[in-house]
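Please read the text alongside the sequence and the model.

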Amino acid sequence: MKKAVMVLGCLILLLSGCGDSKADSCYSSGIEAIANGQYDEAVVQLEQMIETGERLPEAYRAYGIAWMGKESYPEAIAAFSRSLNSMDDENTEFEKEVMFRLAEARLDSGQTEKALEVYSNILKKGADTTAFYLRGKLYMSQNDYENAREDFVRALEDCKDYNLYINIYQIYAEKNKELDGAEYLEMALNMEPETGEDYYHRGRIFEYQKEYEKAKDVLITSMNMEYADAMLLLGRVYLEMDDPASAASLYREYLSAGDKDARAYNGLAICDIYSGNYDSALENINKGLAENDEEEKRSLLYNEIVAYEYKRDFVTAKSKMTVYLELYPDDAEALRENEFLSTR
């Protein structure tokens, strides 16, 4: 599967002039092709722009993005490097943005040490929350916990973004270091909530801490402040509190409001499985999959296997598991479940 590529709005313009019409036309066509996932066409258009010699920093930056979309990392690295080397005028924000992309390309090509070097070079230009966070994440992947913690602490200086605290906790959790990561959740709880979204994120934190009553209270506050996602999370909290009836009621209420959300269908499916209504679970799973939510797809497909298992339709469960493992071959839980299925 091709990697999704982010294109920044209008892409920062470096030059006060517009360049020649051919360069402008090729650039616009290249950016449009990237936005549409047509990376081969983007490469063609941007090569033509590069041949004009106009706006080379922008041209090479976009050229690198196109190669990233093709998952051709050596070409992307070369393009981003040329973008930086072709800059005549100082533009710190543009330069940092290209450097972030260069670090990503080096990381995706397995050049971990060189990616670390790029993040360090970004930080030489001044403190940067994103650079500290990404470098800390990379240190964690190398089990360099001391340097990782130093970077995470720097990233969180004066930070009011609950997501960043939670993301750092999740990085520790992936390393089975939840206790070490717990300090970041506590740091987040020291902030005063102001909006419905703030209360929602506090609910997420309490859920991680298994403080379900506290999670329920703040999520109800978030719902009263009309933050819609709180209803979905509260449903999951009710399930963790062994109250599938309340969870199902929330999911139905959410869907009745006209929001067709894969997460709500998945939640209903889990409630159905919990209550033994396996055919209803499969109906809700199919409705959820029809929403084409890539983030929820994995959970929906796994719950589909579980529903067939409980129906004792092991032939279908095995078939579904084969497809699932083709998509997610590193899912340890699914691999264990597949061993069980192989005995049925």
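Against which helices do the buried residues of H8 pack? The model is a predicted one, in which local features need pLDDT of at least 70 and side-chain atom pairs count only at pLDDT 80 or more, while totals for chains, interfaces and linings use all residues. Residues are numbered from 1 along each chain as its sequence is written, and side-chain values use heavy atoms, with hydrogens and water left out.

The buried residues of H8 pack against helix H7 (129-141), helix H9 (162-174) and helix H10 (178-189), where contact means heavy atoms within 4.5 Å. Helix H8 itself covers residues 145-155, and its buried residues are Ala148, Asp151, Phe152 and Ala155. Viewed down the axis of H8, these buried residues fall within an arc of 100°, so they line one face of the helix; the arc is that of the directions from the helix axis to the C-beta atoms. Buried here means under 20% relative accessible area, exposed means over 50%, and partly exposed lies in between (1.4 Å probe, protein chains only).

**The chain as a whole**

The protein chain has 19 helices and zero strands, both taken as DSSP runs numbered from the N terminus (helices are H or I with at least four residues, strands are E with at least two). Its C-alpha atoms fill a box of roughly 65 × 45 × 40 Å along the principal axes, and buried residues make up 45% of its 344 residues. Of the contacts between residues at least 6 apart in sequence, 50% join residues at least 24 apart.

**Helix H7**

H7 has 13 residues and reaches 19 Å from its first C-alpha to its last, which is close to the 18 Å expected at 1.5 Å a residue; the expected span is 1.5 Å times one less than the number of residues. At the N-terminal end, H7 is capped by Asp128, a side-chain oxygen of which lies 3.0 Å from the backbone nitrogen of Thr130. H7 is followed by Asn143, whose phi is positive, near 65°. The buried residues of H7 include Ala131, Phe132, Tyr133 and Arg135, and the buried residues of this helix pack against helix H5 (92-108), helix H6 (112-123), H8 and H9.

**Charged side chains**

Side chains of opposite charge can pair when their charged atoms come close. A search of the whole structure finds 18 salt bridges, each being a side-chain nitrogen of Lys or Arg within 4 Å of a carboxyl oxygen of Asp or Glu. Three of them are tabulated here.

| Salt bridge | Closest N to O distance |
|---|---|
| Glu58 and Arg55 | 3.0 Å |

Lys70 is partly exposed, with a relative accessible area of 23%.

Arg236 is partly exposed at 42% relative accessibility, whereas Glu207 is buried at 9%.

Asp24, Arg55 and Glu58 are linked in a network of salt bridges. Glu58 is buried, with a relative accessible area of 1%, and Arg55 also counts as buried, at 9%. Arg55 sits in the loop between helix H2 (39-52) and helix H3 (56-69), and has a positive phi of about 45° although it is not a glycine. Asp242, another residue other than glycine with a positive phi, has a value near 60° and lies in the loop between helix H13 (229-240) and helix H14 (244-256); Asp242 is exposed, with a relative accessible area of 55%.

**Arg202**

Is Arg202 buried or exposed? Arg202, placed in helix H11 (residues 196-208), is buried yet has no salt bridge, the nearest side chain of opposite charge being Glu192 at 6.6 Å; Lys and Arg count as positive and Asp and Glu as negative, with His and the chain ends not counted. The side chain of Arg202 does make a polar contact of 3.2 Å with the side chain of Tyr162. Leaving aside neighbours within four places in sequence, Arg202 is in contact with residues including Tyr162, Ala188, Leu189 and Val218. A polar contact is a pair of N or O atoms within 3.5 Å; within protein, one must be able to donate a hydrogen and the other to accept it, and residues adjacent in sequence count only if both atoms are side-chain atoms.
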